[in-house]
Amino acid sequence: MNVAPKLGPDFALENADAKDLGELKAQAEHCTRCDLYKYATQLVFGEGPATAEIVLVGEQPGDKEDLAGKPFVGPAGLLLDRCLEEAGVDRSRCYVTNAVKHFKFEQRGKRRLHSKPNAGEIQRCAWWLGAELEILQPKLVVALGATALYSLLGPKVKLTPERGHVLRLANHPPVLVTIHPSYLLRIRHEDDALANRKKFVLDLEQAAAFQST
Ligand code: SF4
């Protein structure tokens, strides 16, 4: 199948050429579209059933994901799993991926600190995200945070005003806009953390309607 990524306007102008997700991942293993592959341990591609109705898109792999080679296996991923369950979304039937497929970090002694991908890196990697969505044809894409939203819909759509909305655009699967679960882990005040977690679960409850029973 010739997969022409439609998402990330102007980001991905060429065509990926893969018949399924396995072949696409194999191609991404050799990606040199930006410099991040040089420093990360390995590619962290999306995972989940090919029949997934919902695709969840995060920012980039973290330290644990980079070492494991799997998306959303760190603390934010575990929190996401619990919130999805509370929201009534069957996580096992979702496909999870990131806007950027290699870990970007700053080395501080022995520690590798998360570093935000820049616009160019997000744009380069939107090629792969677009191709994943083109193959999966999901009923809903959940943008977890600003980087995912930028990758999916470009710079004009902002997280704060669209938070909690399902955006329906022509030639595009609907996009539910919400925060990245790592945001919840950074809130120090317990009451704030609980209130924000509740709001996140409410956002995710909208996704449950896109899964067939
Ligand atoms: S981050 Fe994305 S675009 Fe950059 S090298 Fe990795 S797979 Fe390629």
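Reader: Is helix 5 enclosed or open to the outside, and why?

Author: In this predicted model, helix 5 (residues 146-153) is largely enclosed by the rest of the structure, because 8 of its 8 residues are buried. Buried here means 20 or more other C-beta atoms within 10 Å of the residue's own (12 or fewer is exposed, in between is partly exposed), with C-beta atoms placed from the backbone. Helices are DSSP runs of H or I with at least four residues, strands are E runs of at least two, and both are numbered from the N terminus.

Reader: Quick aside, what about numbering and confidence cut-offs?

Author: Residues count from 1 along each chain as its sequence is written. Since the model is predicted, local features need pLDDT of at least 70 and side-chain atom pairs count only at pLDDT 80 or more, while totals for chains, interfaces and linings use all residues.

Reader: Ok, back to it. What covers the buried residues of helix 5?

Author: The cover includes strand 3 (54-58), helix 4, strand 7 (140-144), helix 6 (159-162) and strand 9 (175-178). That goes by contacts, meaning C-beta atoms, placed from the backbone, within 7 Å. Just after helix 5, G154 takes a positive phi of about 85°.

Reader: What order do the strands of the open sheet come in?

Author: It's 4-3-7-9-8, five strands with mixed pairing. Strands pair if DSSP finds at least two bridges between them. The edges are strand 4 (94-98) and strand 8 (166-167), each pairing on one side only. Helix 5 packs on that sheet, touching strand 3, strand 7 and strand 9, and its direction makes about 135° with that of strand 7. For that angle, axes are lines fitted to C-alpha atoms, for helices over the stretch in contact, and angles run from 0 to 180 degrees between N-to-C directions.

Reader: And strand 3, how many bridges join it to strand 4?

Author: 5, and the two run parallel. Strand 3 also runs parallel to strand 7, joined by 4 bridges. L56 stands opposite V96 in strand 4 and opposite V142 in strand 7. Both faces of strand 3 are covered: I54, L56 and G58 are buried on one side, V55 and V57 on the other.

Reader: Which residues touch the most other members of the largest nonpolar core?

Author: I54, V55, V57, V141, V142 and A143, out of 53 residues. Helix 4 gives the largest share of this core, 9 residues. A core is a set of buried Ala, Val, Leu, Ile, Met, Phe, Trp, Tyr and Cys residues joined through C-beta atoms within 7 Å. Leaving out residues up to four places away in sequence, V141 touches V55, V57, L133, L152, P173 and V175.

Note on methods:
Two residues are in contact if their C-beta atoms, placed from the backbone, lie within 7 Å.
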